[in-house]
Amino acid sequence: MAEQVSVPRHIAIVMDGNGRWASKRFLPRVAGHKQGVDALKRIVSACPDRNIKILTVFAFSSENWNRPAEEVSGLMDILALALSREVPKLMRDGVRIHFVGARDNLSARVKKGLEEAEAATADNSILTLNVCFNYGGRWDIAAAAARLAAEGTSITEASLSAALALAHCADPDLIIRTGNEKRLSNFLLWQAAYSELYFSKLLWPDFDEAALDAALLEYASRERRFGKTSNQVVSVSAAPLP
Ligand code: IPE
Ligand code: IPE
Ligand code: MG
């Protein structure tokens, strides 16, 4: 029997390093964000062949509002443009897009773009693409807890998990961060509890299929124990299939 290589079903990525990519080329930071959209397109296309069913990416954090106004508005424009341009390709590739994050402080134009892209792709099922935009892990947990409290539902791990913005997906198996930083920066704080972490030195615009394959290879070599001992995990995976 061929050796079974373990593939993450759900990958999450902190797409970091766009600004440095641009600065190295004496370009404005926004040029790096544009190039970052191309890298994202590459990785979205690469997922189905690799049996990845869910891709969650961090595109704009709750804290990114603190950047210069010009960069924030550049990012909003890039999003609005990418959405209107890319929906036909998402349709061809069977990608369902979800935006995860607070919508109340987005402009009407951006909000409409998000809603239209979600509605247009709602029946696609090859890959689920969650774009975390105006998202923070703390925002998500606090908003979910506030909703449960307002409804009078008791707060348990199960009820809180079900109230989070990513409740439609199992937790990420693998979280990749590019840009040579080793932190989560408020990404998926709850869902990362047992994710494998992988840090790439590449700047996000340079991240390609080969870099993704390197991360997948490393993931396949990890032993996910979920609190158990190594012996317990090995004996479960060696047990004959029912
Ligand atoms: C990540 O790239 C994209 C966003 C945060 C929107 P950065 O813009 O953080 O790039 P660096 O880290 O400054 O290079
Ligand atoms: C995290 O990157 C957010 C996104 C990739 C959207 P940042 O560049 O904002 O993170 P910090 O500020 O370096 O921690
Ligand atoms: Mg950064």
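Modeller: Gladly! Let's begin with a term: helices are DSSP runs of H or I with at least four residues, numbered from the N terminus. Please keep in mind that this is a predicted model.

Colleague: Which helix gives the largest share of the lining of the largest pocket?

Modeller: That is H3, with 10 residues. The lining has 42 residues, and those nearest the pocket centre are Met15, Asn18, Phe58, Ala59 and Phe60. Among the elements giving two or more residues are helix H1 (18–24), helix H2 (29–46) and helix H3 (69–93), along with strand S2 (54–61). The space in this pocket is about 900 Å³.

Colleague: What makes a residue count as part of that lining?

Modeller: A lining residue has an atom within 4 Å of a point of the pocket. By class, the lining has 22 nonpolar, nine polar and 11 charged residues.

Colleague: Why is H3 called roughly parallel to H4?

Modeller: H3 and H4 (residues 108–120) pack at an angle of about 15°, their axes being 10 Å apart. Angles under 35 degrees count as roughly parallel, so H3 is roughly parallel to H4. The crossing of H3 past H4 is left-handed.

Colleague: How do you know which residues of H3 and H4 meet?

Modeller: Contact means heavy atoms within 4.5 Å. From H3, the residues in contact include Met76, Leu83 and Met91, and from H4 they include Arg109, Leu114 and Ala120. By class, this contact has 10 nonpolar, one polar and two charged residues.

Methods: Residues numbered from 1 in each chain as written. Chains lettered and ligands numbered in written order. Predicted model: local features only at pLDDT ≥ 70, side-chain atom pairs only at ≥ 80, totals over all residues. Heavy atoms only, no water. 1 Å grid on protein atoms, 1.4 Å probe; cavity = no way out; pocket = protein on both sides within 12 Å on 5 of 7 lines; lining within 4 Å. Points joined across faces, edges and corners; volume = space filled by probe spheres on them. Nonpolar A, V, L, I, M, F, W, Y, C, P; charged D, E, K, R; others polar. Axes fitted to C-alpha atoms, helices over the stretch in contact; angles between N-to-C directions. Parallel < 35°, antiparallel > 145°, perpendicular 65-115°, else oblique. Left-handed = near helix turned anticlockwise from the far one by under 90°.
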